[in-house]
Amino acid sequence: MTPPTATAPEPVAAPLIPPSSHRYADVIHRLEAGGSMLPDTPENLMQIIGIYKAYAVPMDFYWRDLLYIAEQVFLDPLPAFKYFPSQEYLDLPNSYAGDQSKLRIWRGGEKAHPELLEFMEKGETGKMSKLLHHLWHDRINMEFAEACMEAMLWHQGMGGRFYDYLDSDAYRANADRAIKAYFRGNPLMLGLYALFPEMFMEQVKKMSYYANLGLFWEVMAPVFFEMSDIYDEGGFKGVPDAMNFLVNGIFAVAGRPIYHHVFIRGECFEVIPKSEGFTWLYEAALPYVEAVFYRTAPFRGTKSYNAQAYQVPADQADFHYGILYADVFPVGSAGIPPTLLMQDMLHFLPPYLEDLYKQHKRGEEDKLIQLGITFQRSMYNVTSAVIQALRCALLYPLDDTDPEHLMANRRFFEAQMDRFLRPEARLPQIQTQDYR
Amino acid sequence: MPPFTLLFLLIPPLLGVLLVQLVSAERPTLVRALAVVGPAVQLLLALLCWRLPTPALHLSWLPKLGLSFDLALDGLSLPLLLLTALITALAILASPADQSRPRLFHSLLLATNLGVAGAFLARNGLLFLFCFELVLIPTTLLVAIWGGANRASAAIRFIMYGAVSGLTLLAAVLSLGWYGTGGFNLSYASLAASALPPSAQGAILLLLLLAFGLKLPVFPLHGWQPLTYAEAPIPVVMMLGGVVSKLGAYGLLRFGVGFLPDAWTAWSPWIAAAGAISAVYGALNAIAQSDIRRLMAYSSLGHMGLLVLGLSAATPLSLQGAVAQMLAHGMIVALLFACVGLIERKTGTTAIPELSGLMNPLRGLPFTMGMLLLAMMAAAGIPGLAGFPAELLVFEGSWTTFPRATLVSLIASGFTAVYAIRLFNRVGFGRLDNDRADWTSTCWSERAPAMALTLLVIGAGLWPTALTGWSETESTDLAVRSQPFLSSAVPSPETLAASGSTLVAATLPATSELRTS
């Protein structure tokens, strides 16, 4: 019998479209409700924000050094010191954070992060010269950043006009001027350039991708720093909040120019001028997510693949070796890029993540794997932000009342989830906290 | 040292059995700690007996039956006694901290030690038989009570083979007494001195080959081994492979080569063939196994084949190699199973198809796998490890007598690398299964037994005299064939042992000092 004080239940609006029958229907419904592929739990929020912070510090080095290599080291045939960015680049003001920024969107300082500078000085071993830190491998590992750059260079046809532009006459003319200026007074290299022009042109293309990725990460580093600060202030209430912050961030800088300038003897050579109109979202962010999160390439040292037995797809678009598919467990072999990234993040973990890792699995012993899996969770959240941003840009609002529009959104989400149907995808695993 | 010191070598395990009964079964780690005291003291006493030669002990027991309590140590028995004490101590330490029914478990391990040590110390045929049979009871109980899912059938098979082995040995020992020229005297001195008719020698040797061939085991008498090694608890397998199987080898050497030299010479081509076949059969079967325990069992069978080859040739060098192989194999097989035990304890399985990626530095068992790799390398005869000098001596000593069998065994020995690589490729490398890899890493106390064995395997490889130096004199005395290409080039073993400039004399006493019987 209903108690007299009971209020009648509010009528629930019937859903405008039927539930999805996709294998990841739960995830799709969550995305349709404005959520992330990563379940909204306090621990997930803590994990992803903690790892964003740990990622942001080395990323602050990555983007500075990537730009240093693209703009200053350029075609140095023996770039032994390319991982030693000049003070000018360590002090380079971030374009979107700090008082000196051109367009201040995020908080943060304008120079390299203090934790980064402290680590560069002391490392794990102690205070010694940069060269000794480098030789002892007690440093930020740029090899991971270069692997990401190479993935973007190698995987083509990921949307945008950037790669096609690298074959244009305009680009070749600009590159030609830069090459000749760089090797002016060096008949040997100029002779080699005359003999093998494509080899040099390929190197310039690579440098352009260094610039592309550097400009991409220049944006992401302060975003992650700010997310960490907001979390510490108690600002984020759940995983969707964190994802929406990323979505807003993406749109805030979607139009930042992507360019490649080279500085040779004080003169700036615009290999890719800003006037070409390449923008951050379409020419850097989306290709980066596609190339690095989804595709990349089998890292040597993680697993052996037999291409003759078709264990490696013939079509590059089918590659699935990115962090969203990565089996983090075998990672840990010395020197391979995923391990190097984890090693980088290990130095900057916030205390609450350190404590979390101590409570699970092997505690201190396998922190590298635990943080790798946290990183995987966090990148599912970043990918969710990108998916939502794309949906926002290309399709309809989530609260649209037109069933056809909602079905269009549904098809979009289902198409995105289809990419995680392959057995290597870790989407099912990250739905629970047991996966560590 | 007084003769009674030899008796004291048998008392520590006995006291250990009593001591563990005083502790509550609820405290298995304390029981384990007390149990290990027995073999540890035994080891120390044996080392004392080595440094301070001890005269033989003669005590009358049942003279009408020819049974007397004659104990002595020489260059054959002392190293094996040391090995027994060491492996027993490490096997006890390798048992899990939460061992069920710990008092009975460790008491039975100590009883096994008592039997084996008694057999090595015995200088009377019937006393040897008594100790030989004593071993069967605790080992069978250990398999039957603490074994795996098929422990019942493993225990039944083990005791059936063991019973046949014991009965044939009984028949052989009694025959030695009956046919002996000095009356029914079963002391070793009497047995060695009596000249048996050739026909009797042949019949008795056949019995001995059956008795000890079952214990070793050697093809085709190995039926009990794979199942027992697969089902028995790891400490028990360490004892069976590391120590108990050496009873068979020691018996063949002491009784077959020592007391029946003519028959041994006549039958040795067949014995060599059995050894070579065992080596090949064991290695090929090891390659085909899908379970690590069974792989190790067949690997052990193969290496027993090498030992038998060395015994069959019966040259001074081959016999010295056979003794060295007993010691090396004892340590290596114990190390192999100690590592397998750690893998099984952590992953819950030894099935090769279910394991992969154990070399993973963060979530695998890299330390254990490293030790396992080293043990496999030692088994394969990689220079610098214990297996190398032993196998080299066996091959070198047997080549002049049985070149074909030696060549076949040499090739079989090379197969060790095949199954070692196959095992590592499948278990060590590859993908670590996310669903299974949530075990904890091994702690130092768990690793300690394997680490001690690892150090010994490396130490014996770098200093081979620790394996070969003990038995130089005995090997020469027992040899039924000469070593043509060494006899003129190298001084006699006695001279070598007495030379102040050699490692042998510097570190191990001349074995003649140990010969007290």
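# Two chains, question by question

Visitor: How many residues of chain B are in contact with residues of chain A?
Guide: Twelve residues of chain B touch eleven of chain A. Two residues are in contact when their C-beta atoms, placed from the backbone, lie within 7 Å. This is a predicted model, in which local features need pLDDT of at least 70 and side-chain atom pairs count only at pLDDT 80 or more, while totals for chains, interfaces and linings use all residues. Residues are numbered from 1 along each chain as its sequence is written, with chains lettered from A and ligands numbered from 1 in the order in which they are written.

Visitor: Why does B:Met359 count as buried?
Guide: Buried takes 20 or more other C-beta atoms within 10 Å of the residue's own (exposed is 12 or fewer, partly exposed is in between, and the C-beta atoms are placed from the backbone). B:Met359 has 21 such neighbours, so it counts as buried. Its place is in the loop between H15 and helix H16 (366–379) of chain B. Beyond four places in sequence, the contacts of B:Met359 are B:Gly364, B:Pro366, B:Met369, B:Gly428 and B:Phe429.

Visitor: How do you know that H15(B) is largely enclosed by the rest of the structure?
Guide: Just put the burial cut-off to work: 28 of its 32 residues are buried, so H15(B) is largely enclosed. Helices (H or I, at least four residues) and strands (E, at least two) are DSSP runs, numbered from the N terminus.

Visitor: What is the reach of H15(B) from its first C-alpha to its last, and what is expected?
Guide: The expected span is 1.5 Å times one less than the number of residues. H15(B), with 32 residues, reaches 46 Å, close to the expected 46 Å. After H15(B) comes B:Gly348, with a positive phi near 80°.

Visitor: Which residues touch the most other members of the largest nonpolar core?
Guide: B:Leu335, B:Ala375 and B:Val457 do, in a core of 186 residues. Its largest share, 20 residues, comes from helix H15 (residues 316–347) of chain B. To belong to a nonpolar core, a residue must be a buried Ala, Val, Leu, Ile, Met, Phe, Trp, Tyr or Cys, joined to the set through C-beta atoms within 7 Å. Leaving out neighbours within four places in sequence, B:Val457 has contacts including B:Met331, B:Ile332 and B:Leu335. Apart from this core lies another, of 131 residues, with A:Phe144 and A:Leu246 among them.

Visitor: What makes S1 and S2 of chain B a pair?
Guide: Two strands pair if DSSP finds at least two bridges between them. Strand S1 (residues 57–62) and strand S2 (residues 67–71) of chain B have five bridges, in the antiparallel sense, so by that rule they pair. Across the strands, B:Ser60 stands opposite B:Ser68, and B:Leu62 faces B:Leu67. Their hairpin has four residues between the strands, and B:Gly66 there takes a positive phi near 80°. S2(B) is largely enclosed too, because four of its five residues are buried.

Visitor: Which strands of chain A pair?
Guide: Strand S1 (residues 260–264) and strand S2 (residues 267–272) of chain A do, antiparallel and over five bridges. A:Ile264 has A:Glu267 as its bridge partner in S2(A). This hairpin has two residues between its strands, with A:Arg265 in the turn at a positive phi of about 50°.

Visitor: How many helices are in chain A?
Guide: Chain A has 17 helices and two strands.

Visitor: Why is chain A as compact as a globular protein of that length?
Guide: The radius of gyration, taken over C-alpha atoms, is set against a globule rule of 2.2 Å times the number of residues to the power 0.38. For 436 residues the rule gives 22 Å and chain A has 23 Å, which is close, so chain A is as compact as a globular protein of that length. Of those 436 residues, 46% count as buried.
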